[in-house]
Amino acid sequence: MTNIFTGTGSALLTPFNADESIDFASLKKLIDHVSVEGGPEFLTVLGTTGEVATLTSEEKTEVLAFVKANNSKKLPIMYGIGGNNTREILANIEKTDFNGVQAILSVCPYYNKPSQDGIYKHFIAIADKSPVPVMLYNIPGRTGVNMTAETTIKLSQHKNIFGIKEASGDLMQCIEIVKGTSDDFILTAGDDLLSVPMASIGGKGSISVLSNIFPKEFATMVRSAVNGDFTKANQILHTFLEINPLLYLEGNPVGAKYVLSELNVLGADVRLPLSAASDNLRAKLSAALKKYQSSK
């Protein structure tokens, strides 16, 4: 069942109107844009790219229900439930409607910098409570703490933990995870541009921001890499080198939303404390997008 989460998962953005209310019409357009033939294999709903930190619990419920109702291609859904308050996460799991949800993605606790033992016990509690399989998410650049390979390997032995989204940028750590876990444990890239090199060491996919913008191209790259065609994968990877770093210069998903506004998929609005792309960043993104499009 969990092998449905190999390949590419689009980390769906949450579109907003100018008044910061959720733009459900644009969310529908985004789902359709991403669900192109030959595109991503699954959807990741309300991960950090979806600005989940600024959504109310009611809005999270509405977004999940909307994605389920408008998932016309019936792509598997991975739902983001994480945070730094273990008891609150367990309560959220209890009240979530998991019909139509095949797995959850849970980020390493942020800000309070727990020990490795604290991280381990946190995820064990979540895995014990969750009615669907759990993918771990390690992103020390945002959380302030790195979940070590040793902790990941230990957690992989839980029957309800099936993989990890690794965004540490540490390929040695990723190699250790692959070496120390079973063949069916899924190592997934959390850095778009590392999806190809991670596939070369045993990675099985990517949960991606870029796939919101270029769904078919990005998914083709990942599939090629996972299947061992690194010539094709690298050719596609190289086309993303200029635009990808610009997406994060003023915070994620500021850049991605601006590019998607240029493609008439959704608006560029974000919620505070994020701020819409500056004029300088807009100019750089527009130029990079035109260059990318002209190379096709």
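Predicted model: local features only at pLDDT ≥ 70, side-chain atom pairs only at ≥ 80, totals over all residues.

1. Strand pairing. Strand 1 (residues 7–11) and strand 8 run parallel and are joined by 4 bridges. Within this pairing, Thr-8 stands opposite Ser-206 of strand 8.

2. Strand 8 itself. In strand 8 (residues 205–208), Gly-205 and Ile-207 point one way, while Ser-206 and Ser-208 point the other way.

3. Largest pocket, extent and centre. The volume of the largest pocket is about 990 Å³. Its lining counts 38 residues, and those nearest the centre are Leu-46, Val-52, Ala-53, Lys-60 and Gly-82.

4. Largest pocket, where the lining comes from. At least two lining residues each are supplied by helix 2 (57–70), strand 3 (77–80), helix 3 (86–95), strand 4 (103–107) and helix 5 (140–143). Helix 2 gives the largest share, 6 residues. By residue type, the lining of the largest pocket divides into 15 nonpolar, 15 polar and 8 charged.

5. Second largest pocket. Here the volume is about 360 Å³. The lining is made of 18 residues, with Ile-139, Gly-190, Asp-191, Asp-192 and Tyr-248 closest to the centre. The lining of the second largest pocket divides into 9 nonpolar, 5 polar and 4 charged residues.

6. Aromatic pairs. The model holds 7 aromatic pairs, counted with ring centres within 6.5 Å. Phe-5 and Phe-162 make one of them, a tilted pair with 5.8 Å centre to centre and 35° between the planes. Which parts of the chain does this pair tie together? Phe-5 lies in the segment before strand 1 and Phe-162 in strand 6 (residues 161–166), so the contact links parts that are 157 residues apart in sequence. Phe-5 is buried, at a relative accessible area of 1%, and Phe-162 is buried as well, at 6%.

7. Aromatic cluster. Ring pairs also link Phe-214, Phe-218, Phe-240 and Tyr-292 into a cluster.

8. Lysines over rings. Two tyrosine faces are worth checking in the viewer. Lys-154 lies over the face of Tyr-120, at 4.1 Å from the ring centre. Lys-165 lies over the face of Tyr-137, also at 4.1 Å from the ring centre.

How values were computed: Residues numbered from 1 in each chain as written. Heavy atoms only, no water. Buried < 20%, exposed > 50% of the residue type's maximum accessible area, 1.4 Å probe, protein only. Pairing = 2+ DSSP bridges. 1 Å grid on protein atoms, 1.4 Å probe; cavity = no way out; pocket = protein on both sides within 12 Å on 5 of 7 lines; lining within 4 Å. Points joined across faces, edges and corners; volume = space filled by probe spheres on them. Nonpolar A, V, L, I, M, F, W, Y, C, P; charged D, E, K, R; others polar. Phe/Tyr/Trp six-rings, centres within 6.5 Å; stacked < 30°, edge-to-face > 60°. Lys NZ or Arg CZ within 6 Å of the ring centre and 35° of its normal.
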